[in-house]
Amino acid sequence: MTTAPPATDTATRQSLAHGPLGVAMLHIERARNGAGDWRDIHRILAGAGPLIDGGDANLFLGAPAMAFVLHLAADGTDRYAGALHTLDGVVASHTQQRLAAAHARIDAGRRATFAEYDLFRGLTGVGALLLRRQPHGAEMKGVLEYLVRLVNPVPDESGAALPGWWVGHAPASDKTATPGGHANAGLAHGITGPLALLSLAMRAGITVDGHEAAIRRICRWLDQIRQSDSRGLRWPRWVSHGGVSPALPATPGWCYGTPGLVRAQQLAAIVLEDADRKRMVERALTYCLGDSHQLDKIADRGLCHGFGGVLRTVQRVVEDADTPAEYGSRFSLLVQRFLTADVPEGGGFLVGKAGAALAFQDAEAGGSPQGQWDACLLLT
């Protein structure tokens with residue numbers, strides 16, 4: 001292991017989002033289905049090098065990323081058992097350090113950052129891994145307790161209440177979009193990532209004090225920023241001191257937009273036994289999928305903000321939907337849209353060819369989604 005800042009080539013080799021670790025997930029799924037060779041997977045993983053486990057490590061980079069991929073490769077067997085046992089200890093120690101830093105930040109009254117709490121770089125992503133590897137451990141409980149604390153309102157300079165996940169920086173996509181910071185609503189960087197993790201943990205019977213109240217608080221905030229018009233319901237990407245960002249013309253996707261926010265709220269509605277919310281968000285998705293104006297904005301087949309991510313998200317929603325048959329024709333249209341969309345230029349998982357192929361391999365057959373690779377996207 002190494003705690004030094006990762007060199008560019010090391011970071012690439014250990015990237016779940018853009019490097020070989022993400023590509024390995026496609027090979028794992030193919031091997032599970034009898035269409036690939038486990039030896040190829042071992043060769044890919046063996047080239048990762050000394051694993052990053054310091055402050056730069058996260059679900060999508062370094063030791064936690066390797067632990068997630070090896071967990072998928074093990075697939076309920078004792079394959080990679082020794083390596084996983086070692087990595088479980090590394091991830092536990094890493095989580096403890098990050099939790100201590102996060103609570104110290106809250107105690108000091110400083111603003112949160114994406115890197116502290118979000119799915120890609122923060123504790124939500126680490127929690128997604130722990131939910132698979134060490135669901136009943138102290139670190140999983142610690143992550144949930146932190147998220148419960150994160151959603152408590154915090155005062156701004158004038159004394160007005162801000163959401164606890166308000167960050168002082170701008171969204172990564174636009175450095176000038178939110179002077180004074182913002183509260184993000186997306187699944188990748190925003191509060192619906194924690195919402196999905198809290199809901200998935202509760203669904204698995206893993207809860208902490210204040211757990212349900214935190215889920216309800218997030219849902220109320222999403223209700224407050226929800227917008228509706230003739231094209232149905234939608235949620236903005238973020239809220240800043242200037243108000244909500246325009247909900248139109250937003251691109252529907254996994255990371256931002258209706259599909260990802262619907263899945264997170266659907267999970268919340270299930271554990272809260274909130275039938276009204278469940279119907280509302282599932283209806284929002286059917287309107288979205290039936291609106292060519294929205295679908296025309298999706299550029300390629302990628303997972304993060306392309307048709308691949310929409311395909312997999314919709315499949316997970318359908319698994320839990322009250323009326324799954326309503327999505328049949330819409331899903332067929334999505335598959336056709338996927339096939340006519342641009343192929344991603346890169347070969348990686350998050351925005352590249354590997355992720356697109358993973359999303360399509362189940363969608364092509366029209367069956368239920370197989371495998372658990374999308375646990376790193378908090379879809380299951």
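Author: Cys 255 is found in the loop between strand S7 (243-244) and helix H11 (258-272); helices (H or I, at least four residues) and strands (E, at least two) are DSSP runs, numbered from the N terminus. The model is predicted, so that local features need pLDDT of at least 70 and side-chain atom pairs count only at pLDDT 80 or more, while totals for chains, interfaces and linings use all residues. Residues are numbered from 1 along each chain as its sequence is written, and side-chain values use heavy atoms, with hydrogens and water left out.

According to UniProt, in an unreviewed entry, the feature "binding site" lies at Cys 255, Cys 304 and His 305. Such positions are given in the numbering used here, feature names are shortened, and annotations may be inferred rather than shown by experiment. The three residues are spread over 51 residues of sequence, yet they cluster in space, with a largest C-alpha distance of 6.1 Å. Cys 255, Cys 304 and His 305 also belong to the lining of the largest pocket.

That pocket holds about 570 Å³ of space. On a 1 Å grid over the protein atoms alone, a pocket is an open set of points with protein on both sides within 12 Å along at least five of seven lines, a cavity is a set where a 1.4 Å probe fits but cannot get out, and lining residues have an atom within 4 Å of a point. Grid points are joined across faces, edges and corners, and a volume is the space filled by probe spheres set on the points. The largest pocket is lined by 27 residues, of which His 18, Phe 120, His 189, Cys 304 and Leu 350 are the closest to its centre. By class, its lining has 14 nonpolar, nine polar and four charged residues. Here Ala, Val, Leu, Ile, Met, Phe, Trp, Tyr, Cys and Pro count as nonpolar, Asp, Glu, Lys and Arg as charged, and the others, Gly among them, as polar.

The structure also holds two cavities of 30 Å³ or more. The second largest cavity, with a volume of about 30 Å³, is lined by Ala 128, Leu 131, Arg 132, Leu 200, Ala 375, Leu 378 and Thr 380. Helix H7 gives the most to this lining, with three residues. Five residues of the lining are nonpolar, one is polar and one is charged.

Helix H7 also meets helix H4: Pro 64, Ala 67, Phe 68 and His 71 in H4 are in contact with Leu 129, Arg 132 and Arg 133 in H7, where contact means heavy atoms within 4.5 Å. The residues of this contact divide into four nonpolar, one polar and two charged.
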